[in-house]
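This report covers one protein chain.

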Amino acid sequence: MAKITFLGLGVMGGPMAGHLARAGHDVTVYNRTQAKAEAWVAANGGACAQTPREAAQGAEFVMACVGNDDDLRSVCLGEDGAFAGMAAGAVFVDHTTVSAQVTRELYEMAHAQDLGFVDAPVSGGQAGAENGVLSIMCGGDASEFDRAAPVMDAYARVCKRMGDSGAGQIAKMMNQICIAGLVQGLAEALHFGEKAGMDGRAVVEVISQGAAGSWQMVNRHASMLEGEFDHGFAVDWMRKDLTICLAAAEDVGASLPVTALVDQFYKDVQRMGGGRWDTSSLIERLRKFGGE
């Protein structure tokens, strides 16, 4: 069992840290809202700290799951950042979805201090975090990944190294590109079925068993038909991720026309007041705007 720090106790990080505690690890947590950290300790044991630096002291592994590039820099760097508290040889594992650019920047800074750094964004949503069945795609040195992988097993269904630093983030971008197209296609099919007078549930029962089947179809069609959008990853966060995808595509010269279009559709959902709805809410945009 290891001494572990977990930074960020949101809908993903809180359950992930809980799995580490239940696996028997010695877990210290930090959250920007101290009351949330105290509540986590009351529910799971362990300890909480006032700053990332304090939380990271003595830890073999420091895991983070925060919001964006700036949030990640803020918990890593500066006098109160985790890097300032970590001992030589400790490994920082970043579960945040951020740009490959900030990942590589922090990887170099960590190595300059004799620290390890593994980018390890996750897929599976809140349910995957709660059930400990996340897909984790990692980048960084093989030796550091090999050390961290047994720790991540506490909340992973699959955990695989994709390549050097930043490769985990590139893999996560590919994941989000796939999801954007899948959800829009499912939304259009269900919307079309509604307009044509079909029983969407009955149709999905059949087509989900064939070539059109997907996790999104099986797990989201019913709530989409009911207009319930509080089951997963928020539109605000999806737009953040798609912005990262589109910027990276520009850098490498890739064309992402469908992703760019779906990003604008999510912008429409935000304008409808659905920024905190889950990503399946694309169907509500179709109901509102039809063919516009």
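The secondary structure of the chain consists of 14 helices and nine strands. Helices (H or I, at least four residues) and strands (E, at least two) are DSSP runs, numbered from the N terminus. This is a predicted model: local features need pLDDT of at least 70, side-chain atom pairs count only at pLDDT 80 or more, and totals for chains, interfaces and linings use all residues. Residues are numbered from 1 along each chain as its sequence is written, and side-chain values use heavy atoms, with hydrogens and water left out.

**Overall build**

| Property of the chain | Value |
|---|---|
| Buried residues | 51% of 292 residues |

Buried means under 20% relative accessible area, exposed over 50%, partly exposed in between (1.4 Å probe, protein chains only).

**Second largest pocket**

A pocket is an open set of points on a 1 Å grid over the protein atoms alone, where a 1.4 Å probe fits, with protein on both sides within 12 Å along at least five of seven lines; lining residues have an atom within 4 Å of a point. The lining includes S99, Q101, R104, M173 and D251. Elements giving two or more residues to this lining are α6 (100-112), α9 (167-195) and α12 (235-252). α12 gives the most, with five residues.

**Residue D268**

D268 sits in helix α13 (residues 257-271). Its relative accessible area is 19%, so D268 counts as buried. Beyond neighbours within four places in sequence, D268 contacts R285 and F289. Contact means heavy atoms within 4.5 Å.
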